[in-house]
Amino acid sequence: MRALTFGLGLLTLFHTVTALAGEFEFYPAATYDQKIPTLTQIIGHDWGERITSHSEMLQYVRALASASPNIRVVNYGETWEGRKLIYLIVGSQENLARLGEIKAGMQKLADPRTISEAQASRLIEKLPSVAWLEYAVHGNEISSTEAALLTSYHLVAATADSVSLKVLENTIVIIDPLQNPDGRDRFVNYYRQNRSRWPDPRQQSAEHNEDWPGGRTNHYLFDMNRDWFALTQPETRGRVKAFLEWYPQVFVDLHEMGSNATYYFPPPADPHNPEMTQPQLKWLAKFGRNTARWFDEMQFDYFTGEIFDSFYPGYGEGWPMYQGSLGMTYEQASTRGLVVKRNDETTLTYEDAVQHHFIASMATLETAAHNRAGVLRYFYDYRRSAIADGKKQQVKAYILPVNRDVNRVNKLVSVLISQGIEVQQAGATFRVSRARDYYGSGATSRSFPAGTYVVSLAQPAKRLANTLMAPQTEINRKFIQEQLRRYKKRIPDQIYDLTAWSLPLLFGVEAYMAENAVAGNLSVIDQVDAAAGKVIGGRARLAYLLPWNSNSSARALAQLLREKVRVFTSDRAFSLNGTKFPNGSLIIKVKNNPETLQATISHVAEEQGVTFHATNSSWVDDGVNFGSGHVKFVKAPKVAMAYNIPTHPYSAGWARYLLEREYGYPVTIINTMQLGRFDLTDFNVLVLPNTARSFGSYAMLLGEGGARKLKTWVENGGTLITFGEATRWLTDGKVKLLATTREFKGGKPEKKKAKAQDSDGKPNKPAADFDLQTAIIPDDELPATTPGAMMRIVLDDEHWLASGYSGGANVLVSSRNIYTPLKLDKGRNVGVYAAKGKVRLSGFTYEAEEGQLANKAYLMHQRHGRGNVVAFAEDPNVRAFTDGLNLLFMNAVLLGPAH
């Protein structure tokens, strides 16, 4: 630790120098190579003097790489808006000259099955460690990008810094200076337009408070710090691909938090994901202690072990953790501008924030460099022990048969493969002596057909695979007991994110857990072959039929409608020529369609991987004929969606992304404030996303006049689709579009206030019988919030909204909204939560709330005149990874106008 001691001595000197000179210096007594350009020389402003845009960042990085032989720049992708994604490789010239060798060595350490222990030791002896620093996944967390540029400059330009020299010698440093260029430029543009002539430190100032949607998210308003295993966004996919080329031992994700906080670094808060290992926790403490030494000497305040947990595997520190990295989140109090006055009456400048992240970055790199062999050995042991753990635990493998929605299963498997999880496919039928499903069946002997996918846990990525595939990731009992204690006193819980994310449950696919190793004709695959679409029966004289039984069916309908094909849908099942066609199946009649219909059907089948059936007869074996009243013409949906306040940016972004990118259907986004004024007759579908409390409500934005206008629009044939808080707005007595009510705790309707009396209607008990704990419970309160648990709903298979499903679906619940089911004379409860004891599939919720949720309404349909109200109690599109619910949403959008 001699270098550290020397570094701390320089820190002491730093305080003296800066106090005398009255200048802001970022690093103690640093001197720099004048041939390496500063930010000022290239961009025109100093570190922390202004907020650097994406284009300015690129300009500086390229100048830095041109001037220094110690930096390489790598393009790894492009955002939706066309901005480049890059990372820097920083190291000694000797290490940069052998990058291929270093990458190959990391690949070998990452798969201990390919090398011997002696070979691993030789690799550890000669390889540098790899430390990856990620900055600004949230575009409005501004200091991190500036700190990335300063860290890069310091590493290659500092002339007498022993820490930098050691880092260059012992470590390959990967720096991603800006993970979210679209969000950052959104913030920078807003700030530059709204800042005062002199930076205003008041937190109330407009320059500190962005307009909707803010710069946190990317183009489709996704929080990309939750997208690591879902891989929905191009930015994430590019990063994950780059990560798997390097397998870094150290991975840090640098963020910002509220202006009144200080600085956070690990160890993380409880709960820890059970797939975290004790060696990981020890190493995180080691990195934390060194960062604390630097911060103490610099007199920077910090905290550890609070707020930021390591439970959810979709975080920027969590996902790398289960690959074997030492994943860490760093959080700096944000200025959201150039200066902010805090509640403790101190002033935080942008320079301060940049410096804190820069010092934390250097402290981390110092630990990685001084422990080069140690972190390499840790990484190799982690990956090796994962294989051993996979062989020992009760569940040995996960099995995914290729069921009726082939493309949905294939997508899940592709997601697994894309993040380095090993998947095998069966070349022949095989049997497992003990396999159980995800819904409570016991372990029995089961046979699986050729084509079935198998995820064995005897693999280096076992810990990631297990936490993503297991039906339940357990939270430690001590943490749960603490949440129950806190709720009893109505103290906010400490749960940071979702508590359930099992991919087979989210995707709604058939899956099994094997309790013995799977044997058979299994081959590891590196990609999934797309399902082959086809047309059975050649050219049709009467019609083409498409079963409505998969997400791909909806994609095919969306494409047919875009290509101006006339389509019908059957609300009743039928059989023809021995093939069963379930509710919702499509009938594309040759009559009244273009002469090119056969060619259109053929290329839609090929592109969407679906099977059409040509028929020259409508004489069915069973069910309804093509001319039945149950067969509806699908009017092309003309979709509008509320955008801007009061919608939650996530909810609006998820829905827009699914429509435009996943299903290829156009949607017009309309500023919510203009919904009450605009003529909506051009549209027959309107989506109202969930709202964000900080952005107001639909009642505030639309008022009674806007509600009346929407009701008239629905009565004239519109389909109104609502999520979450938008659904609650429909229940308002002034809106009257949904005949239900949200329930208070215990089941009482929200709008009926209780009187202070016993349950038998008599006055309260005399003081002698007074019970404090009972007395302080609020008379009227909403249920406790369910923190992202997965529940089972039962669907009304006869209703067109449930077309494509058989029995039920799995939903995420992240609210306190519990709705009384609609009366039979008011509408249909298309989806209701399962019975008590069967409703919760995964995650945590409070016992009373779980019981109250049972048998209550999730998806409601109410007619008004010629139109529909389709109301979801929760958002069905969470993070665009709830593929098993896509058909519920797309049924509402694509089939609503037909009804």
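In strand β5, Asp253 is the bridge partner of Glu134, strands here being DSSP runs of E of at least two residues and helices DSSP runs of H or I of at least four residues, both numbered from the N terminus. The structure is a predicted model, in which local features need pLDDT of at least 70 and side-chain atom pairs count only at pLDDT 80 or more, whereas totals for chains, interfaces and linings use all residues. Residues are numbered from 1 along each chain as its sequence is written, and side-chain values use heavy atoms, with hydrogens and water left out.

Strand β3 (residues 129–135) and strand β5 (residues 250–257) run parallel and are joined by five bridges; two strands are taken to pair if DSSP finds at least two bridges between them. Both strands belong to an open sheet of seven strands with mixed pairing, arranged in the order β1-β2-β4-β3-β5-β9-β6. At its edges lie β1 (71–78) and β6 (263–264), each of which pairs on one side only.

The largest nonpolar core comprises 256 residues, and those with the most contacts inside it are Leu109, Trp246, Ile588, Phe612, Leu688 and Tyr833. A nonpolar core is defined as a set of buried Ala, Val, Leu, Ile, Met, Phe, Trp, Tyr and Cys residues joined through side-chain atoms within 4.5 Å, where buried means under 20% relative accessible area, exposed over 50%, and partly exposed in between (1.4 Å probe, protein chains only). Helix α13 (residues 350–370) supplies the largest share of this core, namely ten residues. Apart from this core lies another, of twelve residues, among them Val432, Val454, Ala514 and Val518. When residues up to four places away in sequence are not counted, the contacts of Leu688 (heavy atoms within 4.5 Å) include Ala642, Leu675, Tyr698, Leu710, Phe723 and Trp729.

Ile777 is located in the loop between α25 (772–775) and β32 (789–795), and counts as partly exposed because its relative accessibility is 45%.

The number of salt bridges, each defined as a side-chain nitrogen of Lys or Arg within 4 Å of a carboxyl oxygen of Asp or Glu, comes to 48. One of these joins the side chains of Lys126 and Glu101, with an N to O distance of 3.9 Å. This pair links distant parts of the chain, Lys126 lying in helix α6 (residues 117–126) and Glu101 in helix α5 (residues 99–110), 25 residues apart. Lys126 is partly exposed at 45% relative accessibility, and Glu101 is partly exposed at 37%.

Other salt bridges lie within a helix. In helix α14 (residues 372–392), Arg384 and Asp381 are three residues apart, about one turn of the helix, and their closest N and O atoms are 3.0 Å apart. Arg384 is partly exposed, with a relative accessible area of 36%, and Asp381 counts as partly exposed at 26%. In helix α21 (residues 649–662), Glu660 and Arg656 are four residues apart, again about one turn of the helix, with 3.3 Å between the closest N and O atoms of their salt bridge. Glu660 is partly exposed at 24% relative accessible area, whereas Arg656 counts as buried because its relative accessibility is 15%. Elsewhere, salt bridges that share partners join Glu141, Arg216, Asp223, Arg226, Asp497 and Arg879 into one network.
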